[in-house]
Amino acid sequence: MRLTKTLLFISVSAYCFPLSLSLSLSLSLSLSPLSHSKMQLLHASSSLCASLHISKPYSSTGLVSPEKTLLPSSISCSLQPKGIESSLWVSRNNSIFTTKAASVEAGASTISSGTAENDVLKALSQIIDPDFGTDIVSCGFVKDLQINEALGEVSFRLELTTPACPIKDMFEQKANEVVKMLPWVKSVNVTMSAQPARPVYAGLLPPGLQKISNIVAVSSCKGGVGKSTVAVNLAYTLAGMGARVGIFDADVYGPSLPTMVSPENRLLEMNPEKKTIIPTEYLGVKLVSFGFAGQGRAIMRGPMVSGVINQLLTTAEWGELDYLVVDMPPGTGDIQLTLCQVVPLTAAVIVTTPQKLAFIDVAKGVRMFSKLKVPCVAVVENMCHFDADGKRYYPFGRGSGSQVVQQFGIPHLFDLPIRPTLSASGDSGMPEVVADPQGEVATTFQDLGVCIVQQCAKIRQQVSTAVSYDKSLKVIRVKVPDSDEEFLLHPATVRRNDRSAQSVDEWTGEQKLQYTDVPEDIEPEEIQPMGNYAVQISWPDGFNQIAPYDQLQTMERLVDAPRPTAAQVY
């Protein structure tokens with residue numbers, strides 16, 4: 001295959017699709033006396049934290065059934081082994097973890113009796129993922145367990161789903177500790193590893209996006225507030241945490257990325273055989289921008305710009321990415337809507353400044369994301385203050401960021417100070433978090449990175465488990481994201497309530513799908529998430545039904561359905 005360097009010729013094409021993510025840790029342990037202890041993970045905003053206290057002997061009560069499929073993510077951990085009274089705080093964030101209960105894979109070699117294996121798994125099940133309240137064994141993190149009871153040797157791998165886990169070292173340490181406390185254990189070998197990215201909606205994506213775990217939009221809906229600065233520094237912060245990251249500069253009229261980074265190759269390449277775009281790279285982060293297409297800034301009408309963005313985003317060979325950060329252009333028009341429709345965004349970060357005028361424009365953007373079912377997970381208030389003569393000054397006033405948080409219920413607010421170095425680093429092509437990784441700005445972005453990893457993990461878990469089919473009860477279980485309510489629907493009811501053109505005449509509104517056309521015992525063959533707003537349900541007759549969460553909530557529900565001891569869901 002021959003790659004040719006060429007000026008990128010942009011054509012108009014369209015796709016609509018989404019993504020996913022993953023990581024893993026692996027551990028090998030050495031056997032030595034172990035008393036049963038309970039390990040619990042706790043979140044501590046910006047610094048890693050773990051606390052140890054005296055605990056009672058381990059009890060399996062309250063652990064999630066290992067037959068369920070869960071998606072955990074964790075932030076920090078606290079171990080409570082018997083006889084230890086010390087404390088130590090550690091912070092951690094995690095991305096989504098794909099779990100299969102008790103999915104411990106026995107490796108080769110001398111695995112002794114099931115008792116020894118059960119002892120190790122029981123010890124490891126004391127480590128609880130704090131976000132989802134599930135132990136790491138039920139989450140399926142424990143892989144390749146190998147035991148030689150005669151020599152007292154234990155080895156295994158802890159497999160997480162994101163390399164950006166801030167406390168993966170803590171997981172390794174605590175797993176080592178709890179297994180070593182077993183009486184017969186003398187040595188433990190723990191290994192950490194990362195899985196390939198696992199998109200939640202892989203089958204619905206164009207080829208270039210099928211190995212991306214999370215797409216995070218950075219938006220302000222107003223120019224000049226530092227949105228590109230936040231997007232670039234966030235991307236390099238996530239990369240510094242161990243994630244595989246890409247940046248897509250969606251501002252065709254005024255691309256900022258070519259100024260803010262300094263890749264050796266400043267032109268995008270095209271693969272003439274595959275007709276795909278090869279992203280350029282800088283410090284391990286993949287980059288795509290119209291500014292790297294050799295045509296400078298665009299002078300074209302809206303529909304053409306939407307086509308350009310579509311082609312740049314969907315035909316690029318992104319490869320396996322944990323996070324794709326999209327630097328959104330200002331406004332709430334065609335381009336923004338196209339971006340939100342081309343791929344289902346995992347989450348959005350809102351950038352604002354303290355002025356009231358900035359708040360007015362940002363509010364429009366938040367409402368747009370809300371309408372498109374894209375969760376806004378954090379607000380960054382840029383240029384909010386500076387320090388001089390021992391005092392802190394607020395030249396642009398105060399309160400815009402907190403007003404966004406309060407009015408729209410966005411959970412996290414981050415303040416960025418006025419720093420000449422922050423502006424200078426953007427102009428020089430070296431992101432501030434790379435130029436000064438220990439500085440105040442880098443610390444704020446580290447906190448933001450932890451927040452993004454944690455929130456994306458929660459969102460993916462909610463989306464992937466929002467709608468499932470319970471084979472034992474023959475019902476569809478629904479738990480809409482951001483809602484604590486779970487309800488049951490009869491499959492036939494869901495199929496009969498399809499509102500597509502195949503079931504309802506678009507012009508007259510006449511019902512084409514009749515009640516008797518759907519058998520009472522119909523069962524879905526597959527249920528797949530579609531972005532953050534709907535699921536696609538495949539039926540035996542070959543029909544693929546798009547069922548928005550809003551519509552599912554209005555359907556007739558089943559009541560008093562018995563709950564199985566071990567639900568078989570997919």
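Helices (H or I, at least four residues) and strands (E, at least two) are DSSP runs, numbered from the N terminus. This is a predicted model: local features need pLDDT of at least 70, side-chain atom pairs count only at pLDDT 80 or more, and totals for chains, interfaces and linings use all residues. Residues are numbered from 1 along each chain as its sequence is written, and side-chain values use heavy atoms, with hydrogens and water left out.

Figure 1. The protein chain holds 570 residues, and 54% of them are buried. Buried means under 20% relative accessible area, exposed means over 50%, and partly exposed lies in between (1.4 Å probe, protein chains only). Contact means heavy atoms within 4.5 Å. Among contacts in the chain with a separation of 6 or more, 79% link residues 24 or more positions apart.

**Figure 2. The second largest pocket is lined by 26 residues.** A pocket is found on a 1 Å grid over the protein atoms alone: it is an open set of points where a 1.4 Å probe fits, with protein on both sides within 12 Å along at least five of seven lines, and lining residues have an atom within 4 Å of a point. Grid points are joined across faces, edges and corners, and a volume is the space filled by probe spheres set on the points. The volume here is about 630 Å³. Closest to the centre of this pocket are V374, P375, C376, P481 and D482. At least two lining residues come from each of α7, β20 (376-381), α11 (440-464) and α13 (549-552). The largest share, five residues, belongs to α11. The lining has 15 nonpolar, six polar and five charged residues. Here Ala, Val, Leu, Ile, Met, Phe, Trp, Tyr, Cys and Pro count as nonpolar, Asp, Glu, Lys and Arg as charged, and the others, Gly among them, as polar. C376 counts as buried because its relative accessibility is 15%.

**Figure 3. P354 sits in the loop between β19 (347-352) and α7 (356-371).** P354 is buried because its relative accessible area is 5%. Leaving out residues up to four places away in sequence, P354 touches E381, N382, M383, C384, F396, G397, R398 and S400.

**Figure 4. L372 lies in the loop between α7 and β20.** L372 is partly exposed, at a relative accessible area of 26%. Its contacts, leaving aside neighbours within four places in sequence, are with L337 and C340. The C-alpha atoms of L372 and N532 are separated by 8.5 Å. Along the chain, L372 and N532 are 160 residues apart.

Figure 5. A disulfide is a pair of cysteine sulfur atoms within 2.5 Å. The closest cysteine sulfur to that of C456 is in C451, 8.7 Å away, so the two are too far apart for a bond. C456 is buried, with a relative accessibility of 1%. A search of the whole structure finds zero disulfides.

**Figure 6. D470 is part of strand β24 (residues 467-470).** D470 is buried, at 0% relative accessibility. The side chains of D470 and S472 are joined by a polar contact of 2.6 Å. A polar contact is a pair of N or O atoms within 3.5 Å; within protein, one must be able to donate a hydrogen and the other to accept it, and residues adjacent in sequence count only if both atoms are side-chain atoms.

**Figure 7. L283 and D389 have positive phi values.** Phi of L283 is near 55°, in a residue other than glycine. L283 lies in the loop between β16 (280-282) and β17 (285-289). Phi of D389 is near 55°. D389 belongs to the loop between β21 (386-388) and β22 (391-393). D389 is exposed, with a relative accessible area of 75%.

**Figure 8. T493 lies in helix α12 (residues 491-496).** T493 counts as buried, at 17% relative accessibility. Leaving aside neighbours within four places in sequence, T493 is in contact with M555 and E556. The C-alpha atoms of T493 and R557 are separated by 8.9 Å, and these residues are 64 apart along the chain.
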